[in-house]
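Please keep the structure in view while reading.

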Amino acid sequence: RSAVGTMRVAKRDDQREKLLEVIEHDVRRLDRLVTDISNASRLDSELVRETAEPFDLVRMSSTLSEHLSRQAWDKGVDFIADFPGEPIWIEGLEARLAQVVVNLIANAIHYTDQGHIDVAWRTERHQLVLRVQDTGRGIGAEDQAKIFAEFYRVDETRALHDGLGLGLSIVKRLCQL
């Protein structure tokens with residue numbers, strides 16, 4: 001709002017150009033915010049209508065990893081997917097579990113600037129566990145209990161460039177079904 005007001009009194013073209021860049025950046029950020037909030041609020045109503053069906057977890061994860069690995073490699077980060085050779089059939093909401101996997105891997109890619117990302121399904125104590133490990137920045141002990149809260153970001157100083165803090169809260173909500 002202040003950039004729009006200042007635009008009215010800016011005298012030089014370079015000042016107006018800089019203000020237009022600020023306005024454009026903020027409009028993109030607001031658009032992303034509205035979209036993310038809308039998607040998060042729509043999630044609950046969509047989940048009520050969806051029905052669980054059998055699907056191959058290995059096939060789904062492999063397909064997603066193929067796509068996401070390119071993003072990691074474009075950053076110079078090694079991407080290692082270690083999935084069983086045989087199908088793992090489970091009954092669930094495939095699209096929602098895919099969203100969980102994508103959000104977790106995308107977070108790892110976003111916060112890893114060098115090194116590697118390892119993704120694997122493992123069986124632990126009769127449960128299937130997705131492990132996403134990376135050599136990224138890490139999360140301090142003081143932030144670990146908060147990272148699944150809506151709109152929480154570990155580093156608020158980068159709020160204009162990073163996400164809105166909804167990805168991991170959506171992951172949590174989907175996993176609690």
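The model is predicted: local features need pLDDT of at least 70, side-chain atom pairs count only at pLDDT 80 or more, and totals for chains, interfaces and linings use all residues. Residues are numbered from 1 along each chain as its sequence is written, and side-chain values use heavy atoms, without hydrogens and water.

**Sheet.** Three strands form an open sheet in the order E2-E4-E5, with mixed pairing. Strands E2 (78–82) and E5 (127–134) stand at the edges with a single partner strand each, so one side of each lacks a neighbour in the sheet. The twist from one strand to the next averages 15 degrees. Strands (E, at least two residues) and helices (H or I, at least four) are DSSP runs, numbered from the N terminus. Pairing needs at least two DSSP bridges between two strands. E2 runs parallel to E4 (residues 116–124), joined by 5 bridges. Asp82 has Ala120 in E4 as its bridge partner.

Contact means heavy atoms within 4.5 Å. Angles run from 0 to 180 degrees between N-to-C directions, with axes fitted to C-alpha atoms, for helices over the stretch in contact.

| Helix | Strands touched | Angle |
|---|---|---|
| H3 (residues 57–74) | E2, E4 and E5 | about 175 degrees with E2 |
| H4 (residues 94–110) | E2, E4 and E5 | about 20 degrees with E5 |

**Helix pair.** H4 also packs with H6 (residues 167–175), at an angle of about 145 degrees and with axes 9 Å apart. Contact residues include Leu104 of H4 and Leu174 of H6.
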